[in-house]
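Below are some notes for a colleague who has not looked at this structure before.

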Amino acid sequence: MENLPIVLPTAPAPARRAPLPFMAAVVPIAAGVGLWLITGSIFALAFALLGPLMIAASLVDAARNRRRDRRQGAVQAEKEWADAEQELLRRHQEERDALWLRDPDAGSGFLQPPLRGIEPPDTTTSIVVGAGGVTSEVRCTGGEESRGRSFRERSSVVLDAPVLVSIGGGICVRGAPSLTDAVVRALVLQLCLRFGASQLALVGADLSRYGLESLPHAVTTRKRGFTLGIGVSDSDSGAIDALIWQTGAEADVPEGITTVIDVVEPARAKVRTPRGITTVAVECLSFEQAREVVKELAHLRDDADALPDAVAMHELAQPTGGDGLAATIGRGERGDITVDIVHDGPHAIVTGMTGTGKSELLVSWVTAIAELHGPDRVVFVLADFKGGTAFEPLRALRQVAAVITDLDEAGARRGVSSLTAELRRREAALASAGVRDVRDSSMPRLVVVIDEFAALLAEHPDLGAVFIDVAARGRALGMHLILGTQRASGVVRDALAANCPLRISLRVGDAADSVLMLGTDAAAALPGGAASRGIGLVRRPTDQEPVPIRVALTGVADLREVGMRWGAEDAPRSPWLPALPARIPLEELPASDGNVPETIVWGIGDDPARQSQPQEMLRCGQDRGTVVLGSPGSGRTSALRAVAAQRPDAFWVSDDPEAAWDMLANWAVGSARPPEVVLCDDLDALVATFPPEYGQLFVQRWEQVIRAGAGTTFMLSATRAAGAIGRVFDLLPRRAILRMPTRIEHLSAGGEPSGFVRDRIAGRARIGEREVQIVWAAPDAVDASAPDAVSWWAPSCAATAVVSAGAPSLVSRLREAHPEYEVLLAGVEPSNPQHPCIVVADAETWQRNWSLFQRIRAEGEVLIRAEQQADLRQLGGVRELPPYALLHRGRAWSITGSSAPRRVVLAELSSL
C-alpha cells in the first residue's frame, strides 16, 4: 500500500497585538471625576489615575504573552521538523533496503542469495553499477518556505541506493587496472549470483585474470539462454548478448556500448549513460574475495549444470543381482543414478510441475524394473488420472497387469475394494506359506504407479485411507507405491509421506514443496524451459543431500526389447480387474457344464472384494426367482431374453391381458401346473391394463402361484415395485436393479444409496452388493410369442339366450352367421318348437320374459355381453369376477348350467 505523504510543519503565525482596553481605562476616570464633583474631595481624582495604570499594565502583560507564545511555537515547530526528519530517514531507509533487496549487488547477493526465477536474463535486465542517489517515492505536503523547499528536495532523492543500467547496452569500465579489475569482478559475480549457469553463460579471453574461470557459468558446456562477454574481441562479439569491456582512463569506448563507468576512486566514480552522468560509489572485489565467492558458487551451483543434455534408456547399464527391484533411471554428474523401490522405499513420491517430465520419469522407471525382472518377480498396476495416455505404451510389457485411466465413482469403489482385497490375499498367502515377508515366498511384488495422485484424491478422497493402509503394511506384503503429483504440500498426508522415504522431485513452483520433499528448496530453483525437461533431484534414505539427475528417455525400441524378452511368460494375475464390458454376447460365453443342464449363465458379476468376476448362475427349477427392475431402455426385456435363449422351454407370460388372466387362473386353481421357468416382462404394465378389481385379483393370484410354485423359477420384470405388486416381488429372494430414473426410485426398488448410477449402461444390474452385466441375446434368438387365447363361440345347445343391447341388429347378423338356427327376439314364438333357436333381447326385455330366460338358463346356454357386467350379476346370478374380457371387441360371457362363466368371442358383437 502506498505511504501517505509527509506533512511538513508550517511556520507559526506572528502573535497578534492585543487591543488597548479603552473602556476599562475610561470607566475609572469617569468614576473619579464623578466622585470629585459630588464630594468635592481632591482625593477622588486619585481614583481616576487607575485608568492609565490599567492600560500600561495590560500592554506589559500582552507583550509578555506574545514572547511566551513565540517561544512555544518555535519549540513545537522544531519538534515537528525533527519528527519529519526522522520519518524521512525511516522511509528512505525502508526504500533503500527494499531497493537493495530487489536489486542486490555482489556483496548483498552473497550474504543473502537472491531468489532465482525460471527465465534467463535478457537485454532489458538491469545490473547494479554502484550506490548513489536515485529518485525516491517519498512525497511531502506543506512547508512552502525555504526550509520546506529544501526538505522536499532532499526527500525526492534516496542516497546510497542501487543505481541500475540495462545490461543489454553493454558496460565499459575505464580507469586504473587495479580498480577496473575489481569493478568487473563485482559486476560479473553480481549476475552469477542472480542467475544460474543454465540461464547465463560467461565467455572471455582471460577470465583467470579476474579469478572467474572456475565459475559454473564459465565451465559448463550446456546450452545457455544468455551469453555475457568479458573483454571479448570484436570477432567474437556476434556470439554474445551483452558485453562488459575494460580499458584505461580516457580511452575510447567501443562502438555499441551505452554505459561507461569512469573509476577515479571507488567512492567517486562517474556513470555516463544516454540519460546523463551520475556519481556513484562502485563495488569492488579483490582477487581473493572473488575466489571465495566462486568457491561458494561452485558448491551451491545449479545442480543441472553438470548434467548431460539428454540420456537414452539403452545407454544406461541396469544393475544385476540383489533381492530388490533396483533400476537405473538416469544419469547424474558422477555417473548413473540407481534407485531401489524395495530397499530405498518401500514407497516413493515423485513431484514436478506440468511439463517437467514427470510422466516420462515414471515410464522409464517401470521400463527399467521390467528389463531385469519378469512377471514372476514384479507386477505393475499403472493409473493415470490426468486423462492422458502416458502409460499406454507400457501395456505391451508382460509385467503390466492393468492400466487404469480416469475413474468414475463406481470405479473408485472398485479400486478401494481391489486394493483392500489384495492386502488380505497377500496376508493369507504369506500365512499359509508360514513366512512373514514376501522375499521368503514365490509371490511377485506388486508396484502401483499413480500419475496425478492429487487428482485422484480430489475426485475420490476415500482412496486416501486405502493408500495409507497400503503404505503402512506394504513392505512385508510386497506392495509398493510410486505416487506422482504436481505438488506434495496439502496432497500427501503425513501418515503416507512417512512411509515414502524415496523422493524424486523435478522442478516445483513452491519452495515449500521442495522443502517438504527434499529438505531443501533446491527443486524450486531448478531451471525451466524445454531444455531442462527431465532434470530433477533424487533423495534416497542414504543420501545426505539431494542428488541431481537427468532422467533417461524410453523409446519405442526400448519397450519392444523389454516386451520381447518376457513375451513368452504367462500373463500375471491382476489385482485390479478391468471394468465389466458394456455388452457380453451370449455366444461368447464358455459352454455350460453338461452335467448340470438346468443351470444357465445369466450374467458376469464384479466382486472386487474377492478379486474375481464370477458368472452369475441361475439354477432353473431350484432358484425361486428374480425380480428385474429398471426404467425403459435399461435392459429389462434383454435380461429375460437371456434366460429364454438358454432355456427354449421357458414360458413367456403373454402381454395379452385375456391370455395372461386365463393362464394365471388355471395355475391358481390348480388346473394346470406352472412350467419350470416362467418369464413375465413388464408385470406392472400388465397389471395396469386391468380395471382395479381385476388388477387386485390378478396380483393376488400371482402371490398364490408364487407361494405354491415349488420347482418353478419365476423371472419378473417391472419399471418399479410400488403398490400391491410390491408384495409379489417380496416373495422372490433376489432383485436385479437396472438403471432407475432417480435416486428415490432406486431406493424404492430396494437399492442401496451407493449403488445408484444415473447413467448406468443397459444390462448393468445391481444384485445385492455386486454389479452384474447381464448377458445379451439377439432378439431373433428367442420366440417370445404366446398362444392365441381367443375362443370363438359356436352354438352348442338347443336353446341359447343372448343378452345384448341392439337386439334387432344382432338378430339379423346371427341369422346370417348361423342359418341352421332360428334366431328371433324374445317374446316372439318360434315357428318350430323342435328346431334349435337363439333368442336375443336386452336385459329389460328378458326380465319381462323371465320364465323363458329361466327355462333357457336351466336347459341351454346364456350369453351376456362383456360390456354388461351388471347384467351378469342380475340375470346370471354370478357374484365372483368373470374371466377378464376386453371391451368392444365382441367378447361375451357364456353360462351353461351351474358352471362358472367363460369368455367367448362373437364376431357379430364386435361392431355393435
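1. The model is a predicted one.

2. Is Gln-773 buried or exposed? Its relative accessible area is 1%. Buried means under 20%, so Gln-773 counts as buried.

3. The side chain of Gln-773 has two polar partners to look at. With the side chain of Arg-764 it makes a polar contact at 2.6 Å. A polar atom of the Gln-773 side chain also lies 3.1 Å from the backbone oxygen of Ala-582.

4. Setting aside neighbours within four places in sequence, the residues in contact with Gln-773 include Leu-580, Pro-581, Ala-582, Arg-583 and Ile-584. Gly-603 and Ile-604 are also among them, as are Ile-761, Ala-762, Gly-763 and Arg-764.

5. The helix pair comes next. Helix 17 (residues 657–669) and helix 19 (residues 692–708) have axes that come within 9 Å and cross at roughly 45°. The two helices are therefore oblique to each other. The crossing of helix 17 past helix 19 is left-handed.

6. Which residues make the contact between helix 17 and helix 19? Helix 17 contributes Ala-660, Trp-661, Leu-664, Ala-665, Trp-667 and Ala-668. From helix 19 come Tyr-694, Leu-697, Phe-698, Arg-701, Trp-702, Gln-704 and Val-705. Sorted by class, the contact of helix 17 with helix 19 has 11 nonpolar residues, 1 polar and 1 charged.

Notes
Residues numbered from 1 in each chain as written. Predicted model: local features only at pLDDT ≥ 70, side-chain atom pairs only at ≥ 80, totals over all residues. Heavy atoms only, no water. Axes fitted to C-alpha atoms, helices over the stretch in contact; angles between N-to-C directions. Helix = DSSP H or I, 4+ residues; strand = E, 2+ residues; numbered from the N terminus. Parallel < 35°, antiparallel > 145°, perpendicular 65-115°, else oblique. Left-handed = near helix turned anticlockwise from the far one by under 90°. Contact = heavy atoms within 4.5 Å. Nonpolar A, V, L, I, M, F, W, Y, C, P; charged D, E, K, R; others polar. Buried < 20%, exposed > 50% of the residue type's maximum accessible area, 1.4 Å probe, protein only. Polar contact = N/O pair within 3.5 Å; in protein donor to acceptor, adjacent residues only side chain to side chain.
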